[in-house]
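Dear colleague,

Please find below the structure that I am handing over to you.

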Amino acid sequence: MNGIMIQGTSSGSGKTFIVTGLCRLFADMGLNVCPFKSQNMSSNSSITPDGLEMSTAQYLQALSARLAPKVFMNPILLKPIHDQSSQIILNGKIYAQSTKNYSAFTQSIGIESVRQALSIIERNYQAVIIEGAGSPAEVNLNKSEIVNMRVAREADVPVVLVADVDRGGSLASVVGTLELLGNDRERVKAIIFNMFRGDMKLFDDAVKWTESYTGVKVAGVVPFVKGLNIPEEDSLIRRGAEKSSESKLTALDDDFNTVADVLSKNLDVDYLLRLIRHEDTMLQPQ
């Protein structure tokens, strides 16, 4: 299907931020684009107009894409109960308070719900912007995960890898992630360095080195943007946003536009559009 998947070298790399901004950017370019995250672990949820529960992140991404939020945009929501258990929300309704064998769920009912959601999106939208979770390089999870490369394969979309410059170690995290992806490495068609502070020109050599060493195009370097009112994931809040009440979620258009503007000025948008259309864009290793 037409689309791209935004994966990160780690949790908190800015995947949600990038997807939210791309949804507004592409929607305003006239593309009927749908956000999607197969599985989200968060206690921050919202109720759709038809009374179903989904992650607030995908709820907001739908609004950013100028769409009504629908649970097929986030078919599986895990709401932490305590450190070792989570309530499972499946297609907007409580499925189970917890499960001792979650991998059995992911490989049966879970993956089927993902396939059904992707099918709905493919039939009704021109493209999908998929958000991954954590890192795709967690090799111990490869057999059971349904949120990173498994979903990229199911949807048959290219992957854009996002790295967090603000934390340090972004070059190593990119190279290390690519090294651990096995055959899925070929699916990574672009890299975005996110949350850069300071003079962008100071990162030029890093961009050149990354493209030369990995053979993957750097689609852009995105600056650190603080002060947005868009709620972030529970565990990593650095941009200054606080959790918003549901009544405030529909009043974020200015922030969506701000993020879209930042991305339009700092990313190779034409390149990303070619990825969405499955055009050949891969750099040749040097």
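Predicted model: local features only at pLDDT ≥ 70, side-chain atom pairs only at ≥ 80, totals over all residues.

Residues are numbered from 1 along each chain as its sequence is written, and side-chain values use heavy atoms, with hydrogens and water left out. Helices (H or I, at least four residues) and strands (E, at least two) are DSSP runs numbered from the N terminus.

The sheet. An open sheet is formed by 6 strands in the order E2-E9-E1-E10-E11-E12, with parallel pairing; two strands pair if DSSP finds at least two bridges between them. Strands E2 (33-36) and E12 (217-223) are at the edges with a single partner strand each, so one side of each lacks a neighbour in the sheet. From one strand to the next, the twist averages 20°. Within the sheet, E10 (residues 159-164) and E11 (residues 188-196) run parallel and are joined by 6 bridges, and Leu-161 is opposite Ile-191 in E11. Helix H5 (residues 170-179) lies across E10 and E11, at about 145° to E10. Axes are lines fitted to C-alpha atoms, for helices over the stretch in contact, and angles run from 0 to 180 degrees between N-to-C directions.

Helices H1 and H8. Helix H1 (residues 15-28) packs with helix H8 (residues 269-276) at about 85°, their axes 12 Å apart. H1 is therefore roughly perpendicular to H8, a term covering 65 to 115 degrees. Leu-22, Leu-25 and Phe-26 of H1 meet Val-269, Leu-272, Leu-273 and Ile-276 of H8. The residues of this contact comprise 7 nonpolar, no polar and no charged; Ala, Val, Leu, Ile, Met, Phe, Trp, Tyr, Cys and Pro count as nonpolar, Asp, Glu, Lys and Arg as charged, and the others, Gly among them, as polar.

Helix H2 and Ser-55. In helix H2 (residues 56-64), 9 of the 9 residues are buried, so the helix is largely enclosed by the rest of the structure. Buried means under 20% relative accessible area, with a 1.4 Å probe and protein chains only. Ser-55, in strand E5 (residues 53-55), caps the N-terminal end of H2, with a side-chain oxygen 3.2 Å from the backbone nitrogen of Ala-57. Ser-55 is itself buried, at a relative accessible area of 1%. Leaving aside neighbours within four places in sequence, Ser-55 is in contact (heavy atoms within 4.5 Å) with Asn-40, Asn-44, Ser-45, Asn-74 and Leu-77.

Yours sincerely

Key: Parallel < 35°, antiparallel > 145°, perpendicular 65-115°, else oblique. Buried < 20%, exposed > 50% of the residue type's maximum accessible area, 1.4 Å probe, protein only. Polar contact = N/O pair within 3.5 Å; in protein donor to acceptor, adjacent residues only side chain to side chain.
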